[in-house]
Amino acid sequence: DAGVTQSPTHLIKTRGQQVTLRCSPKSGHDTVSWYQQALGQGPQFIFQYYEEEERQRGNFPDRFSGHQFPNYSSELNVNALLLGDSALYLCASRPAGTGGRRWKKYFGPGTRLLVL
Amino acid sequence: AQKITQTQPGMFVQEKEAVTLDCTYDTSDQSYGLFWYKQPSSGEMIFLIYQGSYDEQNATEGRYSLNFQKARKSANLVISASQLGDSAMYFCAMREGFGNQFYFGTGTSLTVIP
């Protein structure tokens, strides 16, 4: 059973460019969230998608946008890249259904983005 | 105020010994969940253990146990019989109410010494 997968693993962009990161959730999972982890920090919540809609958003500007597809996979788009966007971007998925275990998030290996 | 506070930037433990990683949290919600994740240098966050605010027993998962003290708002992780492979960053996280957002602490770097 494959876990959460993300692509690409590494990415280098220049200021002002746009980037798209991709995530495939674990089998049986229907909710995907994205986190940004700056060097030496804990992950910060960007937003969460469920049923192809953004359900909750953290304190991130509109330059950060996303999408969820019918197969539950998701994309994170960042426009007008800034140097400060350099970070590890983590995708996490949650199981479908109800119950206590539904709160457990499974994380992917992340995409390391470097903005020059 | 910080939702999750981890006051130990770095910890060292001898192999086969037990170690406690500290975590305090701040919330006014009655319903919340507390999580610990391990992050090796590869970057992936690995789930270790979960404690719900209404759970009466402390959570345990193999060598991991969570020392949940609700009145003190602390949720310390105890790793028994440390192994070299336990060397990694450890993050405490919280979910409030029925929200989807996880709040993470700044992490503790654990080094297991042979």
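**Exercise 1.** How many salt bridges does the rule find across the interface of chain B and chain A?

*Solution.* Start with the ground rules: this is a predicted model, where local features need pLDDT of at least 70, side-chain atom pairs count only at pLDDT 80 or more, and totals for chains, interfaces and linings use all residues. Residues are numbered from 1 along each chain as its sequence is written, chains are lettered from A in the order in which they are written, and side-chain values use heavy atoms, leaving out hydrogens and water.

Next, apply the criterion: a side-chain nitrogen of Lys or Arg within 4 Å of a carboxyl oxygen of Asp or Glu. The rule finds zero salt bridges between chain B and chain A.

**Exercise 2.** Work out which elements of chain B give two or more residues to the side that touches chain A.

*Solution.* First, count the contact (heavy atoms within 4.5 Å): 21 residues come from chain B and 22 residues from chain A.

Strand 5 of chain B gives the most, with three residues.

**Exercise 3.** Is A:I12 buried or exposed?

*Solution.* Locate the residue: A:I12 lies in strand 2 (residues 10-13) of chain A. Now compare its area with the cut-offs (buried under 20% relative accessible area, exposed over 50%, partly exposed in between; 1.4 Å probe, protein chains only). A:I12 is exposed because its relative accessible area is 59%.

Technical notes. Helices (H or I, at least four residues) and strands (E, at least two) are DSSP runs, numbered from the N terminus.
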